[in-house]
Protein chains: 2
Amino acid sequence: MSTYSAPLNDMHFVLRELAGIEQVAKLPGYEEASPDTVDAILEEAGKFASGALSPINGSGDHEGAKWHDSNVTMPQGFKEAYRQFIENGWNGIGCEPEFGGQGMPKVVVAAVQEMWKASNMAFSLCPLLTTGAIEAITLNGSPGLKATYLPKMIEGSWTGTMNLTEPQAGSDLSLVRSRAVPQGDGSYRIFGQKIFITYGEHDMTENIIHLVLARTPDAPEGVKGISLFVVPKFLPNADGTPGQRNDARCVSIEHKLGIHASPTCVMAFGDNGGAIGYLVGKENEGLKYMFVMMNAARFAVGLEGVAIADRAYQRALEYAKERIQGRDLADGSGPVPIIRHPDIRRMLMLMKSQAEAMRALAYVVAAAHDAAAHHPDGEERKRNQAFVDLMIPVVKGWSTETGIEVASLGVQIHGGMGFIEETGAAQYLRDARITTIYEGTTGIQANDLIGRKIAREGGATIKAVIGIMKQVEAALARQPGEDFAAIHAGFSRGIQALAEAATYIATNFSQDIKGVHVGAVPFLRLMGIVSGGWQMARAALVAQAKIAAGDGDPYYPTKIATTRFYADHVLSQASGLAQTVIKGGAGALAVAEEHL
Amino acid sequence: MSTYSAPLNDMHFVLRELAGIEQVAKLPGYEEASPDTVDAILEEAGKFASGALSPINGSGDHEGAKWHDSNVTMPQGFKEAYRQFIENGWNGIGCEPEFGGQGMPKVVVAAVQEMWKASNMAFSLCPLLTTGAIEAITLNGSPGLKATYLPKMIEGSWTGTMNLTEPQAGSDLSLVRSRAVPQGDGSYRIFGQKIFITYGEHDMTENIIHLVLARTPDAPEGVKGISLFVVPKFLPNADGTPGQRNDARCVSIEHKLGIHASPTCVMAFGDNGGAIGYLVGKENEGLKYMFVMMNAARFAVGLEGVAIADRAYQRALEYAKERIQGRDLADGSGPVPIIRHPDIRRMLMLMKSQAEAMRALAYVVAAAHDAAAHHPDGEERKRNQAFVDLMIPVVKGWSTETGIEVASLGVQIHGGMGFIEETGAAQYLRDARITTIYEGTTGIQANDLIGRKIAREGGATIKAVIGIMKQVEAALARQPGEDFAAIHAGFSRGIQALAEAATYIATNFSQDIKGVHVGAVPFLRLMGIVSGGWQMARAALVAQAKIAAGDGDPYYPTKIATTRFYADHVLSQASGLAQTVIKGGAGALAVAEEHL
């Protein structure tokens, strides 16, 4: 069996050299994130991921969560792993210290979360949803709601859920129909059905806190009439213990392609008189609150792409070193381990280089998020927030699309064994397949990117980012050797392609709204590839400086070679994608629907 | 529930206008393939696929084949469907009339097989393997073997299998260890274990004929010492009925990612004294015979890619027209069917255009196979055979890789529902995932393509094919209008990229064998994309001529728009792929194994 091993080397390098963890630790409120603390956190998290989560990943997939009579039984080992998880204090590491959290910066939390996701994506969804619910209550809840719910949720003894989707309203929340009827005592009665509710029911904790979107009786139509409610499974007693069972029940769970251990619930609210709920913030502001949570959730799902890619790479690498088959192409020796075959090599490098590029971009965005939240200078906060807003759909869309491809390469490297479920490689592909769908499909991310994040501001932020990329391009040009020549050539073409495509979008968005939107996903992909290349190029420059300073760690030449591979095999796609963005609108829309 | 509907319009168009079915019908031996007969065959096959195979595709996946005590029980409905399948005479439509086959040309058989594969890939594997076994016996078996086995197998009342793989020998047949001990009476006793044996056991027929690779006692090492044997499950009596049970048993079946209804068997030969087998052809020539079957099987697996792509497209299109969500981007009306959203459109067109390009290329290759086999002119036979040999790895590798991507797009179009197994979209992705692995992985196809099919002859055949493509390019340049300008531009760049990459490979193959092989799969992909573009361009030219001649069938403008889409969204990848082929070798091989 393959056990997950946290890529601590690369994580430390990215945190230190690319994401600037030392600068983050100087921000007010993050003083606790000293190098020693962060090192200790990552090391312990790695041990927990390998020792507690990785061993139940395959068995959890095989067994799956089981529904019976409104209850959900988790696969063997999950309850115990969760108990350890919260006992070790992992649940609240990114939460406010005021309510028991550790207040670690997002960039540190990102590295830790990557480990949970890589070792056991199905498990990791439970704390992920709880974190989202905590954030919504922290930002918008009344002092009473905070006092009642946050300590338990941050500790992890109560978990949280997000109830948005209804059968008739997938990604379009304007169609939400669930009702919230005020009771005159400050509480509401909630009625409605929600679907796709992750960890809507389970047996790991004594209570579950549902955050539910619903409409009050006089609410306006559409998204302006949606309010957010806290609906606990058990209504808390005055002493904080779970009391009366609320009218919120899991009526079934889905039979899914992947993440079998994560119960995806159909939730019925109010089938027996109404589920008691408490308003979060103000009426009709629910969507705004949800958007805040959604940004965090989108980033986190992007990290799932990074994580699955790395996990699939680790397993494929192990297999490629062990599996003996075929002869060495150059000298005819053998049979040899399949890692000697150039195409297996190519696939491994494609997995490795993209996983590293995605990790680097995600952590850099997380660090910018920390600066946007905590920097003392308002201008810096604003600049960082604009960068985060621009990049969230890229981290989400690109990392998840690439994560699926990388997981599929992992299957391919295993050959026939990859198709056999016992091998474990196929699980990553099945698990990864949801990541481009939930928390907004890639299409939705891409529309957000080209619309709200580029066209609306005339491309100002992306132009600034391209400007920074060009400084890196100039630094690459000053490095000696073939590797840097190749990296420079690939990155230069990538920047040019990105700039052309971005200009095209900003210029034509209003005149040809549908044609431009045809290119949204190709553009997102282009931007992901080039942004990942930017971070890899920065990494290669640091590596080169380390080597020049006499550092003999083989990590550095490996990083340069990996970057070169990325330039030749991934950045090479940039020009074609730009062409598709710029020219591909008309052909896509020409055929009448009835002739498709 | 979505029911498969054979794409008869496109099939007829490709057969008539691109694959030249009328010319094929003029070849000696194919006179039966008159337009009326072919029309009738396709229509009836379409009805059988929709009526008998499509309805048991989802249930067969859900139920799966079940192993018990050396026996395999097929999912409900499979036995009855198979009975109808052979009663209707479908099993032998491509086989020799001498033994009861209909002797239809491969190009017709390809269209029919596409329907079986699209409506029920798991079912289709049974006749596919039988066909391979029939071919091996037809080409190399003794008159006695032919008389005993061919009539039953062609009729379909006995099925066939191919037993190549052993646990220690996946794609590397030099490692085969199964033994064949001559008994002095002309028969052999076979001992050994084989894995991944498709339909190695099932309950649909009274007998199963295994073709088994094994070594005789004095056989040389490696692939030159492999012989091929017929090993029936039941030894035929003198009257042709199945007699004594042979010592060949299914000891387990695999739990797989997809094709759950197709039993993938571990076969034990000779656990109780030896399985009685009969030599096919000569000793030590087994690999040669297998290669003939493998070419046919590789083509057939390529067709699986075409078929799954089309099936996934049909289902996604249906869903995209029905599912109401979101507003029209241009006029704000709605909620609208999601097909109105540009990104859904883009994905549907990506599915449609690639399915059509792959179908066209596959049928054209099938027609060339017919000419290679039946053309009266020896030069024509040779020329066609060279084209077929060049293109088999492309049809196999490109169509299957693309088939997986298209199936994944189908899941994406379904959004959250795509991840729910009951929807059915995920099954295509799971089923398709094996196609890039079995019958030789994409890496193996690509190595075959650049080595045996290009470098060995200095690129002669591919240069000739590029010459023919250039004639099409010139014809495109003469067409008026924006669509053809875009098609011409995309195809021109594609040809140029292909020519550059092919020249690079032919030139550098020997000096830099590993570096060139790093580019093998990117080159295969490039060649697939450009070859598909070539067929789409031919199709667009025919469509344009029909329109000019006053034909008002909307199929024709749709084909032109689809080709334009393909040029902007698929052919646009060609230059980047060529760059990867030409420059990507060094970076892939630079990192020492222990630092990966």
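Tutor: Leaving aside residues up to four places away in sequence, A:Tyr363 touches A:Val14, A:Leu15, A:Leu18, A:Ala19, A:Val107, A:Ala110 and A:Ala111, where two residues are in contact if their C-beta atoms, placed from the backbone, lie within 7 Å. This is a predicted model, in which local features need pLDDT of at least 70 and side-chain atom pairs count only at pLDDT 80 or more, while totals for chains, interfaces and linings use all residues. Residues are numbered from 1 along each chain as its sequence is written, and chains are lettered from A and ligands numbered from 1 in the order in which they are written.

A:Tyr363 is also one of the residues with the most contacts inside the largest nonpolar core, which has 403 residues, and A:Phe229, A:Leu526 and B:Tyr363 are among the others. A nonpolar core is a set of buried Ala, Val, Leu, Ile, Met, Phe, Trp, Tyr and Cys residues joined through C-beta atoms within 7 Å; a residue is buried if 20 or more other C-beta atoms lie within 10 Å of its own, exposed if 12 or fewer, and partly exposed in between. By that rule, buried residues make up 61% of the 596 residues in chain A.

Turning to the neighbouring chain, 72 residues of chain A are in contact with 72 residues of chain B. Among the elements that each supply at least two residues of the side of chain A that touches chain B are helix H10 (342–374) and helix H11 (378–413), helices being DSSP runs of H or I with at least four residues, and strands runs of E with at least two, numbered from the N terminus. That side of chain A divides into 32 nonpolar, 25 polar and 15 charged residues, with Ala, Val, Leu, Ile, Met, Phe, Trp, Tyr, Cys and Pro counted as nonpolar, Asp, Glu, Lys and Arg as charged, and the others, Gly among them, as polar.

Within chain A, H11(A) also packs against helix H14 (residues 460–477), at an angle of about 95° and with their axes 10 Å apart. These two helices are therefore roughly perpendicular to each other, a label for angles of 65 to 115 degrees. In this packing, A:Ala386, A:Phe387 and A:Leu390 of H11(A) meet A:Thr461, A:Ile462 and A:Val465 of H14(A), and the contact has five nonpolar, one polar and no charged residues.

Finally, the loop between helix H9 (286–322) and H10 of chain A holds A:Pro335, and the peptide bond from A:Gly334 to A:Pro335 is cis, with omega near 10°.

Terms used
Axes fitted to C-alpha atoms, helices over the stretch in contact; angles between N-to-C directions. Parallel < 35°, antiparallel > 145°, perpendicular 65-115°, else oblique.
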